[in-house]
Amino acid sequence: MEIQEICSPGEALPLLSLNHVSFLCRSVKESVRFYEEVLGFVLIKRPSSFNFSGAWLFNYGVGIHLLEQSSIEELPQKSKSINPKDNHISFQCSDVGLVKRKLDEMGMKYVTAVVEDGGIKVDQVFFHDPDGYMIEICNCENLPPLPLSSCPLKPEKKKSHCKKDAYGCMETQMIETLNTYMMTLSF
């Protein structure tokens with residue numbers, strides 16, 4: 001008789017990181033050029049079993065999957081205004097001023113915003129890709145993530161009903177990393 005271990009319903013999935021984001025696009029060629037030239041992504045091999053036009057790009061530890069959509073009705077409506085409160089993907093950068101200068105050189109429209117908390121400032125730059133998807137570039141590392149009292153992060157339990165795999169220590173590693181950030185802030 002085989003004993004099957006199950007996870008209790010309150011435990012989170014064993015996620016590691018963001019793998020990729022996927023966007024429908026009007027033109028794979030135009031979108032690839034944007035993600036290569038503006039954001040520095042590199043075109044990578046895509047599985048040959050796909051029977052539709054698309055492209056995969058990769059950089060900064062994340063992939064972007066582009067799916068060409070032939071029917072305009074099935075594409076999201078392209079927004080004319082740049083609204084920082086809209087859905088977006090965000091990339092951290094080392095020099096927001098350089099980002100703005102490069103976008104100016106390329107003739108790209110963008111808007112800026114500043115987020116401030118306790119005297120710490122985060123600069124944000126928002127712009128659209130060719131299909132109207134919002135991109136944010138920021139120096140978000142200025143404002144480290146600090147857990148709230150209700151934060152689900154907690155040290156690994158001594159006895160767990162979940163089967164341990166290669167990622168069994170993930171919660172402990174996250175807490176240790178968070179503690180390191182907090183100790184850095186306290187000095």
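1. Let's start with S31 and its contacts, where contact means heavy atoms within 4.5 Å. Leaving aside neighbours within four places in sequence, S31 touches C25, L66, P130 and D131. The residue sits in helix α1 (residues 28–37); helices (H or I, at least four residues) and strands (E, at least two) are DSSP runs, numbered from the N terminus. S31 is buried, with a relative accessible area of 1%; buried means under 20% relative accessible area, exposed over 50%, partly exposed in between (1.4 Å probe, protein chains only).

2. A word on the ground rules. This is a predicted model, in which local features need pLDDT of at least 70 and side-chain atom pairs count only at pLDDT 80 or more, while totals for chains, interfaces and linings use all residues. Residues are numbered from 1 along each chain as its sequence is written, and side-chain values use heavy atoms, with hydrogens and water left out.

3. Please keep the confidence in view as you read; pLDDT is the predictor's confidence in each residue, from 0 to 100. The protein chain averages a pLDDT of 82, and 73% of the residues score at least 70. Confidence is highest in strand β2 (residues 42–44), at 98, and lowest in helix α3 (residues 170–186), at a mean of 54. Over residues 156–168 the pLDDT is below 50, and this stretch has 15 contacts in the model beyond near neighbours in sequence.

4. Now the overall layout. The protein chain holds three helices and eight strands, in the order β-α-β-β-β-β-α-β-β-β-α from the N terminus on. Of its 187 residues, 28% are buried. Among contacts between residues at least 6 apart in sequence, 54% join residues at least 24 apart.

5. The largest nonpolar core deserves a look; such a core is a set of buried Ala, Val, Leu, Ile, Met, Phe, Trp, Tyr and Cys residues joined through side-chain atoms within 4.5 Å. It has 26 residues, of which Y35, L39, F91, F127, I135 and I137 touch the most other members. At least two residues each come from β1 (20–25), α1, β3 (54–59), β4 (62–68), β5 (88–92), α2 (96–105), β7 (120–128) and β8 (134–138). Helix α1 gives the most, with four residues.

6. Not counting residues up to four places away in sequence, its contacts are F34, Y35, L39, H88, I89, F91, V125, F126, F127 and D129.

7. Next, the open sheet of four strands: its order is β5-β8-β7-β6, with mixed pairing. Two strands pair if DSSP finds at least two bridges between them. At the edges are β5 and β6 (111–117), each pairing on one side only. Neighbouring strands are turned by 25 degrees against each other on average, direction ignored; axes are lines fitted to C-alpha atoms, for helices over the stretch in contact, and angles run from 0 to 180 degrees between N-to-C directions.

8. V125 is the bridge partner of T112 and stands opposite I137 in β8. In the hairpin of β6 and β7, with two residues between the strands, G118 takes a positive phi near 60 degrees.
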